[in-house]
Amino acid sequence: MADAPRKLAWRIGEIVETSPETPRTKSVCLEIPGWDGHRAGQHVDIRLTAEDGYQAQRSYSIASAPENGRVELLIERLDDGEVSPYLTEELRAGDGLELRGPIGGWFAWDAREGGPLLLVAGGSGIAPLMAIIRHRQAAGNEVPVRLLFSSRSYEEVIFREELESLAAGDETLEITHTLTRSAPPGWQGYDRRIDEEMIGEVAFSPDEWPLAFVCGPTPLVEAVATTLVGLGHEPARVKTERFGPTGG
Amino acid sequence: MDENRLDGNAAAEVLAEIFTFEITTARAACVRCGAAGEVGAQMAYVSEIGTVVRCAACDNALIRVVRQDDGPQRYWLDLKGIEYLQLE
């Protein structure tokens, strides 16, 4: 064989920084020796090993752009989770974390693939879409992007300030929020779950041949994907990433 | 709704342990209905027992993979639901 087989091996990354994003989420920034880079949208597996040898493994999407030599993960704390409480509460800069990746080439986007891009996120499903947005920005790409982002409340809008500042300086990046549980006084935006009417108002028309990436809880992803196909979007151009039941 | 029903992309981990090429962007044609599409666009059912990738069009099992973790690590891989794989 000409090329050595690519082996998906476990390795140790070092935590460089952790920073809270919202009350329930944290960004964890890692430096990984020998990391060959990733594509926007890919994920890694994290493995924790207890003193008695018990292991728990979870997948986390990479939120950072490939251009950023470090790997940033968005961790949502699930109170009854096995892994996320440790990752959000216990990890400190300088700690090592066992991981492997990058994994998955299908839910991924390279700036040269073009667009326009329709990104639809529910909660922490923003993570791989943030990698796409950051990658597009870092690559100086001007493909039109529309992000429809569903969050429970204003305080729980992950990456809110960074998204605002990116959109303020870029008229080809349009961001629409919907808040499903509570909205601040005077909120002018959507305040309900994503539905067909909302998608019809926000999305590019099928004639514009957008590439759609949808990520979030399974019910949201299935509803959005079904609606997009029903509106006439090409199924092969609607890429979905459902959160599994084993999260946490 | 089956709680373990995920995108084919969710099968990427265990398949990446076996295949040295990117399997989620390979196109698989279903032996039952003939539909062809990227593995990542099919449906994956992931459980403690193993992973099954099913055709998004007809639900036929395209890929079944079971990993044994106790003792020597072994895999059982069943691809008979796939008519052909198209690799880039």
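## Chain B: burial and shape

Of the 88 residues in chain B, 36% are buried. The model is predicted, and these values come from its coordinates. The C-alpha trace of chain B spans about 40 × 35 × 20 Å along its principal axes. Its radius of gyration is 12 Å, which agrees with the value near 12 Å for a compact globule with 88 residues.

Chain B holds one helix and eight strands. Their order from the N terminus is β-α-β-β-β-β-β-β-β. Among contacts in chain B with a separation of 6 or more, 47% join residues 24 or more positions apart.

## Where the chains meet

Chain B puts 21 residues into the contact, and chain A puts in 17 residues. Three elements of chain B each supply at least two residues to the side that touches chain A: β1 (5–7), α1 (12–18) and β3 (36–38). The most comes from α1(B), with four residues. By type, the side of chain B that touches chain A has seven nonpolar, eight polar and six charged residues.

## Confidence in chain A

Chain A has a mean pLDDT of 93. In this chain, 95% of residues reach 70 or more. Residues 1–5 of chain A are another matter: their pLDDT is below 50. Beyond near neighbours in sequence, that stretch has one contact in the model.

## An antiparallel group in chain A

Strand β1 (residues 11–22) and strand β2 (residues 25–31) of chain A pair in the antiparallel sense. Seven bridges join them. The two strands form a hairpin, with two residues between them. In this pairing, Ser19(A) has Ser27(A) in β2(A) as its bridge partner.

β2(A) also pairs with strand β5 (residues 71–76) of chain A. This pairing is antiparallel too, over six bridges. Here Thr25(A) stands opposite Glu76(A) in β5(A).

β10(A) runs parallel to β7(A), joined by five bridges. Leu117(A) has Leu211(A) in β10(A) as its bridge partner. β10(A) also pairs with β11(A), again in the parallel sense and over five bridges.

Helix α5 of chain A covers residues 218–230. At 1.5 Å a residue, its 13 residues should span 18 Å, and its end C-alpha atoms are 18 Å apart, which agrees. Its buried residues are Thr218(A), Leu220(A), Val221(A), Ala223(A), Val224(A), Ala225(A), Thr227(A) and Leu228(A).

These buried residues pack against five elements of chain A: β7 (117–122), β8 (145–153), α4 (196–202), β10 (211–216) and β11 (238–242). After α5(A) comes Gly232(A), with a positive phi near 110 degrees.

## Helix α2

Helix α2 of chain A covers residues 126–138. Its 13 residues should span 18 Å at 1.5 Å a residue, and the distance between its end C-alpha atoms is 18 Å, which agrees. Of those residues, 11 are buried, so α2(A) is largely enclosed by the rest of the structure.

The buried set includes Ile126(A), Leu129(A), Met130(A), Ile132(A) and Ile133(A). It also includes Arg134(A), His135(A) and Arg136(A). Gly140(A) follows α2(A), and its phi is positive, near 70 degrees.

## Trp109: a buried loop residue

Trp109(A) lies in the loop between β6 (96–103) and β7 of chain A. Why does Trp109(A) count as buried? It has 25 C-beta neighbours inside 10 Å, and the cut-off is 20 or more.

Leaving out residues up to four places away in sequence, Trp109(A) touches Ala40(A), Gly41(A), Ile132(A) and Phe213(A). Ile132(A) is one of the buried residues of α2(A). Arg160(A) is 51 residues from Trp109(A) in sequence, and their C-alpha atoms are 22 Å apart.

Key. Residues numbered from 1 in each chain as written. Chains lettered and ligands numbered in written order. Predicted model: local features only at pLDDT ≥ 70, side-chain atom pairs only at ≥ 80, totals over all residues. Expected span 1.5 Å × (residues − 1). Buried ≥ 20, exposed ≤ 12 C-beta atoms within 10 Å, placed from the backbone. Pairing = 2+ DSSP bridges. Contact = placed C-beta atoms within 7 Å. Nonpolar A, V, L, I, M, F, W, Y, C, P; charged D, E, K, R; others polar. pLDDT = per-residue confidence, 0-100. Rg over C-alpha atoms; globule rule 2.2 N^0.38 Å.
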